[in-house]
Amino acid sequence: MEIILWIGFYFLTFYAFLPALISRIFGYRVFMNGKSSDGISLTFDDGPDPEYTPKLLDLLKQHGAKGTFFVVGENAEKYPDIVARIHEEGHILGIHNYVHHMNWFMRPGTVKRQIRQTSDVIERITGKKPMYYRPPWGIVNVFDYARLGHLQIVLWTSLFGDWKKRIGADRLYRRMKRKLKPGQVFLLHDCGSTFGADRDAPENTLAAVERILNDGEKLGYRFIGIDEMIEVTERAAKKRKAGRAAEGASAERKASVGPLKKLVIGLWMLWEKLFHVVFRLRPIGSAGFFNYRIRKYSGYELKLQNGRELKPGDLIMEIHFENRMLVEAGMKSKTSLQVAIRIIREIEKVLPDMARELAVIPKGDEVKALYGVSMIHRGGESLGFEMFDLPKGLFSWSTNLYLRFMIRVVHPAGNERVREHSESLNPRMLIMERDTLLRWADESKKVRRVGRERAAAKTSDTSAGKRAAEPELSENVSGPFDETTVGKLV
């Protein structure tokens with residue numbers, strides 16, 4: 001039963017919920033918010049429609065405005081003349097799946113086939129391969145990040161519920177007017193034939209768009225395709241980055257926690273509580289920063305330094321880090337190094353408690369090792385941990401995604417850190433053999449240095465006299481510090 005719950009929990013979290021959350025809140029691998037000084041992008045989903053799309057094209061042509069149309073493949077096949085007109089009049093064509101189905105409920109291969117079919121239809125009609133993709137309802141699954149090739153995922157900054165006729169043209173216009181400002185990406189619909197939509201709802205959209213085009217012209221705004229919006233935004237991002245580099249590293253840390261980030265952190269904490277209940281995690285340590293559970297090891301066979309082996313089916317004590325402490329450390333620390341120091345110190349404090357717990361819990365005498373997954377690549381060996389690569393597969397990939405999400409949330413410059421150090425941010429297994437853990441029950445300094453002496457000896461052997469063992473982490477460490485030190489046990 002537990003394995004079924006675990007698979008279901010993992011599926012919902014990593015295949016569906018987490019990618020959608022990351023994309024929507026942090027803009028990971030998607031475009032949704034422009035930085036134009038005078039441009040607004042009007043985007044239209046679900047078409048083409050034989051009645052409403054031509055009327056919309058007439059309206060845009062009258063005002064010299066450019067739009068972006070995310071077409072449903074089966075509709076594009078039915079109405080190739082409309083698709084050809086969209087292209088010929090200088091608008092942008094994007095993909096909205098071949099049928100209007102949510103990506104959460106389709107296998108990765110099915111999503112890929114839907115995208116390819118729609119791309120082929122558009123290319124046959126226009127002679128040009130589409131460059132942009134918007135998944136239905138803006139919902140991505142975890143494989144969309146890796147399988148879209150040259151396609152750019154496009155979401156939006158504002159949507160208005162225009163697929164329902166009862167909203168009315170006046171109320172729709174007022175909603176759009178409140179959001180009318182440069183950089184906005186409006187989500188609208190030129191077809192009402194999809195599930196949940198009203199067939200005649202685009203009548204309201206046409207009426208509201210006409211008034212918005214008039215307002216925008218009076219304010220000096222331009223209505224531009226998503227291609228120009230992305231290009232302008234990328235230029236602005238490069239300019240900002242150059243400006244930050246000129247200001248120096250101190251400017252990097254002037255970050256505040258906005259309402260969106262607070263909301264994400266709150267949802268993250270609720271998700272963690274659910275995780276604890278489902279998998280029956282037990283708290284340990286007086287600070288309340290750690291939890292654990294006893295389970296069977298399911299990875300590949302590991303050879304430990306003392307000559308023993310950890311095999312699939314062996315019992316392990318799996319440690320889980322409380323995200324609350326990580327958030328506090330990330331928000332209060334000025335550098336990645338300080339976050340890492342805090343984490344190392346808290347782990348060091350709890351190891352004696354874990355050792356004593358292991359000695360008294362049921363089946364504790366059968367546990368072979370303490371186990372965790374972490375992005376901490378320095379400092380763990382000094383505590384007695386051995387580090388191993390995660391076997392490649394879904395668990396490794398999804399864990400990597402989750403920990404990158406964590407860094408984006410808690411680190412003051414998390415988005416930049418993930419972008420700049422993307423290839424070096426890789427989670428690893430941290431294993432502490434049973435006997436090493438039990439030695440931590442004695443908190444004397446002599447016993448607590450067992451891991452540090454081992455790490456120093458290993459460093460000395462591999463460096464062949466070129467350098468001594470790594471210094472212990474301290475708050476006054478100077479010089480460069482590897483960002484991969486920042487991490488968590490999950």
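Modeller: Tryptophan 137 is partly exposed, because its relative accessible area is 41% (buried is under 20%, exposed over 50%, and partly exposed in between, with a 1.4 Å probe and protein chains only). The model is a predicted one, in which local features need pLDDT of at least 70 and side-chain atom pairs count only at pLDDT 80 or more, while totals for chains, interfaces and linings use all residues. Residues are numbered from 1 along each chain as its sequence is written, and side-chain values use heavy atoms, with hydrogens and water left out.

Although tryptophan 137 is not a glycine, its phi is positive, at about 65°. The residue belongs to the loop that runs between strand 5 (132-133) and helix 6 (144-147); helices (H or I, at least four residues) and strands (E, at least two) are DSSP runs numbered from the N terminus. Asparagine 97, which is not a glycine either, has a positive phi of about 70°. Its loop lies between strand 4 (92-95) and helix 5 (108-126). With a relative accessibility of 0%, asparagine 97 counts as buried.

A further backbone feature is the cis peptide bond between glycine 47 and proline 48, where omega is about 0°. Proline 48 sits in the loop that links strand 2 (39-45) to helix 2.

Helix 2 itself (residues 52-63) packs with helix 4 (residues 80-88) at an angle of about 15°, and their axes are 10 Å apart. Helix 2 is therefore roughly parallel to helix 4, a term used for angles under 35 degrees. Thr53, Pro54, Leu57 and Asp58 of helix 2 meet Ile82, Arg85 and Ile86 of helix 4, contact meaning heavy atoms within 4.5 Å. Sorted by class, this contact of helix 2 with helix 4 contains 4 nonpolar, 1 polar and 2 charged residues.

When neighbours within four places in sequence are set aside, the contacts of glutamine 184 are Gly39, Ile40, Ser41, Thr157, Ser158, Lys179 and Met229.

Methionine 429 takes the account to strand 17 (residues 428-433). This residue is buried, since its relative accessible area is 1%. Valine 373 is 56 residues away from methionine 429 along the chain, yet their C-alpha atoms are separated by 4.5 Å. Apart from neighbours within four places in sequence, methionine 429 touches a list of residues that includes Tyr297, Tyr300, Leu302, Tyr371, Gly372, Glu386, Met387 and Phe388.

For the chain as a whole, there are 17 helices and 17 strands. Of its 490 residues, 52% count as buried. Among contacts between residues at least 6 apart in sequence, 78% join residues at least 24 apart. Within this setting, tryptophan 137 is a partly exposed loop residue with a positive phi.

How values were computed. Axes fitted to C-alpha atoms, helices over the stretch in contact; angles between N-to-C directions. Parallel < 35°, antiparallel > 145°, perpendicular 65-115°, else oblique. Nonpolar A, V, L, I, M, F, W, Y, C, P; charged D, E, K, R; others polar.
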